[in-house]
Amino acid sequence: MKSEELQEFKELLRKRVRELLEGIGGYNAGIKEIKEVRSADWVDKVADEAPMEVLESLGGLQRQEVAQIERALQRIEEGTYGKCARCGEEISDARLRAIPHTICCVKCQRGVES
């Protein structure tokens, strides 16, 4: 992969990390707000739990994506970015643009999912 392309992917990955971290901050603020507003009524408590669980789950998914992106940035530094972790072939440019932190080509990913 060319140096310019690697730099472009690096910027794309860094931008996504910033977006995710901003989102995680928003989820954490939402969780804090829900905890502060909880009422003593049992029905209200149950109703309050569902949004908080959704927020916590979404925050967890975003933290996972941040970790995947950090690993992708490390692969750029190591010179292994864009190569499939399973077969060693180049991952298509279209796939990397769609999922820049991916570690598998489409063929190998299908094998993992089936």
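## Exercises on a predicted model

Residues are numbered from 1 along each chain as its sequence is written, and side-chain values use heavy atoms, with hydrogens and water left out.

**Exercise 1.** Work out how arginine 16 and glutamate 19 are placed in helix α1.

*Solution.* 
- Step 1: recall the cut-off. A salt bridge is a side-chain nitrogen of Lys or Arg within 4 Å of a carboxyl oxygen of Asp or Glu.
- Step 2: look at the spacing. The two sit three residues apart in helix α1, so about one helical turn separates arginine 16 from glutamate 19. Helices here are DSSP runs (H or I, at least four residues), as are strands (E, at least two), numbered from the N terminus.
- Step 3: check the surface. Arginine 16 is partly exposed at 32% relative accessibility, and glutamate 19 is partly exposed at 37%. On this scale buried means under 20% relative accessible area, exposed over 50%, and partly exposed in between (1.4 Å probe, protein chains only).

**Exercise 2.** Find the salt-bridge network that contains Glu8, and see which helices the pair of glutamate 8 and arginine 97 links.

*Solution.* 
- Step 1: count. The structure holds seven salt bridges.
- Step 2: take one of them. Glutamate 8 bridges to arginine 97, with the closest N and O atoms 2.7 Å apart.
- Step 3: Glutamate 8 is in helix α1 and arginine 97 in helix α3, 89 residues apart, and the pair links distant parts of the chain.
- Step 4: Glutamate 8 is partly exposed at 39% relative accessibility, as is arginine 97 at 37%.
- Step 5: widen the view. Through shared partners, salt bridges join Glu8, Asp93 and Arg97 into one network.

**Exercise 3.** Describe the aromatic pair in this structure and say what it ties together.

*Solution.* 
- Step 1: find it. There is one aromatic pair, made of phenylalanine 9 and tyrosine 81.
- Step 2: read the geometry. The centres are 5.6 Å apart and the planes make an angle of 50°, which counts as tilted. Rings of Phe, Tyr and Trp (its six-membered ring) pair if their centres lie within 6.5 Å; planes under 30 degrees apart are stacked, over 60 edge-to-face, and the rest tilted.
- Step 3: locate both rings. Phenylalanine 9 is in helix α1 (residues 3-37) and tyrosine 81 is in the loop between α2 (42-78) and α3 (93-98), so the pair ties together parts 72 residues apart in sequence.
- Step 4: decide on burial. Both phenylalanine 9 and tyrosine 81 are buried.

**Exercise 4.** Which residues touch the most other members of the largest nonpolar core?

*Solution.* 
- Step 1: define the set. A nonpolar core is made of buried Ala, Val, Leu, Ile, Met, Phe, Trp, Tyr and Cys residues joined through side-chain atoms within 4.5 Å.
- Step 2: name the residues. Of the 16 residues in the largest core, these are Leu13, Ile69, Tyr81 and Cys84.
- Step 3: see who contributes. Helix α2 gives the most to this core, with five residues.
- Step 4: follow cysteine 84. Leaving aside residues up to four places away in sequence, cysteine 84 touches Glu89, Ile91, Ile103, Cys104, Cys105 and Cys108. Here contact means heavy atoms within 4.5 Å.

Notes. This is a predicted model: local features need pLDDT of at least 70, side-chain atom pairs count only at pLDDT 80 or more; totals for chains, interfaces and linings use all residues.
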